[in-house]
Amino acid sequence: MIYMFLVGLELNTDLLKNRARSAGLVSIAGIIAPFSLGAIVAFMLHDGGSLFSPTTTPWAAALYMGASMSITAFPMLARILHERGLIKTKLGTLVLAAGSLDDAIAWCLLALVLASIKSSINVAIIAIGGTLAYVLFMWFVGRRFLRVFSYWTRRDGEVTIQTLTFVFIIMMLCAYYTDFVGVHAIFGAFILGTVMPRGHFAESVHRHLEYLTTSLLVPIFFVFSGLNTQLGLLNTPQLVLITLLIITIAVLGKGLACTLAAKWSGESWRDSMTVGALMNTRGMMELIILNIGLEQGLITPTLFTIMVIMAIVTTLMCSPLINILSIPSKT
């Protein structure tokens, strides 16, 4: 929850305004292509019985697989661009805008999936309606009241323990609400982060929570994900081929689609391929969505393991590709 709150806090909606057309093209391509390919694969593999839970319908499997293939590691994008001094460049703005829009759509798709698997239509309606009401309330009403945190920070010169405690209390209440209506606790924390005041307040909160999250909580989450990853389950040639198929679809559906969309929006081939390589990273965001699927009984440990391998491969590909693309061509 804290990690997703920080992800929401890092989203800069002004980026979407500045590069709306290019970011929209890249983001739409980065959603439609992998989502469609993932849904098709889910329909093909659903009847096998070893990848999806027996209670998971073909449509729920397709929605989940599509959403999980569409995810982008937005925090990793920001870190890579910052380390390479590209964070404020034209290319960096495009990638950040497209990545933030991409993840927002992917998480909405996941919310729809979680709502659709409820046993009763009334429960699903409550989940979808309750989440929509929460988003609208936070965007139009909640963020007005949350401006008080910016005032307190300016008054005190820094985020105090008392201010941070209030932030935690509100985050827990928001997470409890979305969990109560039947979606997931992380959605409440993520939406709260997106409507929090920006500027000095956001920078101070991020500075206070970053080390706790990245040095303690995130490593524990990786260990937890590793315990759920059972490589011994991939014990047949068929499962190995499925793993290779999913990796190929992930790279083509996300990386190639975003590359072509960036080129169509007017970028050079070098910059377009850089956009594709960055957008193709899944990182921890993929692990979050996979753990939710396993926890909710949508997927089996076998598919979880396959998707973790895909997330690792697509993430490790990024840095070498960026290094190659950053080498100036000889004239």
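This is a predicted model: local features need pLDDT of at least 70, side-chain atom pairs count only at pLDDT 80 or more; totals for chains, interfaces and linings use all residues.
Start inside. The largest nonpolar core holds 103 residues, and Phe5 and Trp107 touch the most other members. Helix α6, residues 90-116, gives the most to this core, with 14 residues. Now look at Trp107. Leaving aside neighbours within four places in sequence, Trp107 is in contact with Met4, Ile71, Ile186, Phe187, Phe190, Met285, Ile288, Ile289 and Ile292.

Next, move to the surface. Leu252, Leu256, Leu260, Trp269 and Met273 form a nonpolar patch there. Together they have about 480 Å² of accessible area. Helices α12 (237-264) and α13 (269-279) each supply at least two residues of the patch. The largest share, three residues, comes from α12. Trp269 lies in α13. Its relative accessibility is 46%, so Trp269 counts as partly exposed.

Now turn to the aromatic rings. The whole structure has six aromatic pairs. One of them joins Tyr134 and Tyr177. This pair is tilted, with 5.7 Å centre to centre and 35 degrees between the planes. Tyr134 lies in helix α7 and Tyr177 in helix α9, so the pair ties together parts that are 43 residues apart in sequence. Tyr134 is buried, at 7% relative accessible area. Tyr177 is partly exposed, at 30%.

Phe149 and Phe201 form a stacked pair: 5.7 Å centre to centre, 20 degrees between the planes. Phe149 sits in helix α8 and Phe201 in helix α11, so this pair ties together parts 52 residues apart in sequence. Phe149 is buried, at 3% relative accessibility. Phe201 is buried too, at 1%. Phe149 and Phe201 also belong to one aromatic cluster with Trp152 and Phe166.

Terms used:
Residues are numbered from 1 along each chain as its sequence is written. Side-chain values use heavy atoms; hydrogens and water are left out. A nonpolar core is a set of buried Ala, Val, Leu, Ile, Met, Phe, Trp, Tyr and Cys residues joined through side-chain atoms within 4.5 Å. Buried means under 20% relative accessible area, exposed over 50%, partly exposed in between (1.4 Å probe, protein chains only). Helices (H or I, at least four residues) and strands (E, at least two) are DSSP runs, numbered from the N terminus. Contact means heavy atoms within 4.5 Å. Patches are made of residues with over 30% relative accessible area and no salt bridge: like charges are joined within 9 Å, nonpolar side chains (Val, Leu, Ile, Met, Phe, Trp, Tyr) within 5 Å. Accessible areas come from the Shrake-Rupley method with a 1.4 Å probe; for residues, only the protein chains shown count as cover. A salt bridge is a side-chain nitrogen of Lys or Arg within 4 Å of a carboxyl oxygen of Asp or Glu. Rings of Phe, Tyr and Trp (its six-membered ring) pair if their centres lie within 6.5 Å; planes under 30 degrees apart count as stacked, over 60 as edge-to-face and the rest as tilted.
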